[in-house]
Amino acid sequence: MHIREMIADAERTGQPSFSFEYFPPKTAQGVQNLYDRMERMYHFGPKFIDITWGAGGRIAELTCEMVVQAQTYFGLETCMHLTCTDMGEEKVNNALKAAYKAGCTNILALRGDPPRDKEKWEAAEGGFRYARDLVRHIRDHYGDHFDIGVAGYPEGCDDNKDEETLLDHLKEKVDMGASFIVTQMFYDVDNFLRWVDKVRARGITVPILPGIMPIATYASFMRRANHMQCKIPKEWMDKLEPVKSDDVAVREIGKTLVADMCRKILAAGLPHLHFYTMNLAQSTSMVLEELDWLPSPTRPLKQSLPWKQSLGLG
Ligand code: FAD
């Protein structure tokens with residue numbers, strides 16, 4: 001199912017929905033652990049999951065393998081991230097072919113970050129330059145088979161902080177055929193909602209999926225916020241700083257802050273939340289519990305995984 005249809009369903013029924021993002025782990029044991037966790041988290045009821053694209057070699061192959069596993073074996077609706085950094089057309093086509101064969105119908109089309117040894121991004125010779133080129137390539141080759149998402153930046157991105165220019169480029173990606181936007185993580189919800197108004201004022205009408213990063217520990221919270229250069233409201237720091245060495249207290253306060261942010265987003269009419277799980281269940285499930293979105297008598301447990309049903313195990 002296309003993500004834009006899932007969002008339309010959430011709008012039509014008034015039932016908000018959510019999704020989980022995972023990244024390919026570095027070790028075989030890590031991959032197995034993640035599959036187990038994905039299965040457990042499936043029962044929280046995500047509408048779909050994302051697998052990020054790990055540029056280069058084995059990690060890129062692993063993205064494809066994980067998409068195949070999640071989509072065909074687990075029966076999870078999956079969105080594959082695909083970057084065009086250092087990717088020739090052939091590699092892009094191979095990744096798309098693997099996704100197509102697995103029955104995956106959603107791609108998040110990205111330019112990609114520069115390789116670790118380079119400070120600035122440079123286009124590969126004869127390769128794609130911007131995410132919009134990848135969007136156009138996918139549309140040209142696969143028509144409407146894939147729903148295509150693109151990245152949005154409510155607080156600017158690494159190599160561009162100018163909001164108006166970034167909005168021009170976002171509009172270009174949508175005009176090339178993107179049909180939903182997933183945002184970079186943020187904690188300043190008022191700024192995010194102001195940005196959404198600006199996106200809409202540009203005539204961009206496709207669904208916007210806010211990227212939500214739950215809080216696991218004070219150190220990881222600060223590290224990620226600093227890395228993404230995202231603003232942290234003073235009120236958040238006032239609450240988290242005094243308990244920074246107490247992980248349990250940080251998670252408890254963090255879940256309330258993040259859930260309040262989610263409620264504001266939902267109240268503003270955005271029906272879907274996209275969680276950056278960092279491959280862990282705890283802090284995301286705490287936010288879902290705070291929102292009263294975990295399975296309960298009024299929100300019954302999802303059915304067992306399709307592969308288990310087909311084997312009579314579910
Ligand atoms: P683009 O939209 O192409 O923009 C890149 C830069 O080029 C911007 O500064 C933009 O303003 C500029 N630009 C765009 N079009 C033009 C134009 N026509 N003329 C001049 N300048 C232009 N990275 C990974 O490696 N793997 C992932 O799985 C991954 N997932 C992500 C998921 C989300 C939700 C987000 C927000 C980011 C993700 N990233 C991922 C990081 C992303 O690859 C980087 O942020 C990258 O630097 C920009 O990618 P983009 O798709 O936004 O690029």
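This is a predicted model: local features need pLDDT of at least 70, side-chain atom pairs count only at pLDDT 80 or more; totals for chains, interfaces and linings use all residues.
So, what do the buried residues of H10 pack against? The C-alpha trace spans about 55 × 50 × 40 Å along its principal axes, and 39% of the residues are buried. Take the contacts with a separation of 6 or more: 79% of them join residues 24 or more positions apart.

Okay, back to H10, residues 247-267. With 21 residues at 1.5 Å each, the helix should span 30 Å, and its end C-alpha atoms are 30 Å apart, so the two agree. The buried positions in H10 include Val250, Arg251, Gly254, Leu257 and Ile265. And their partners? The buried residues pack against helices H7, H8, H9 and H11, plus strands E7 and E8. After H10 you get Gly269, with a positive phi near 100 degrees.

Now the ligand. There are 26 residues around it, and Thr52, His81, Arg111, Ala131 and Asn160 come nearest. By class, that shell has 10 nonpolar, 9 polar and 7 charged residues. Strands E3, E4 and E6 and helices H5 and H6 each supply at least two residues of the shell. H6 gives the largest share, with 5 residues.

That's my tour; happy to go back to any of it.

Terms used. Residues are numbered from 1 along each chain as its sequence is written. A residue is near a molecule or strand if its C-beta atom, placed from the backbone, lies within 6 Å of it. Helices (H or I, at least four residues) and strands (E, at least two) are DSSP runs, numbered from the N terminus. Ala, Val, Leu, Ile, Met, Phe, Trp, Tyr, Cys and Pro count as nonpolar, Asp, Glu, Lys and Arg as charged, and the others, Gly among them, as polar. The expected span of a helix is 1.5 Å times one less than its number of residues. A residue is buried if 20 or more other C-beta atoms lie within 10 Å of its own, exposed if 12 or fewer, and partly exposed in between; C-beta atoms are placed from the backbone. Two residues are in contact if their C-beta atoms, placed from the backbone, lie within 7 Å.
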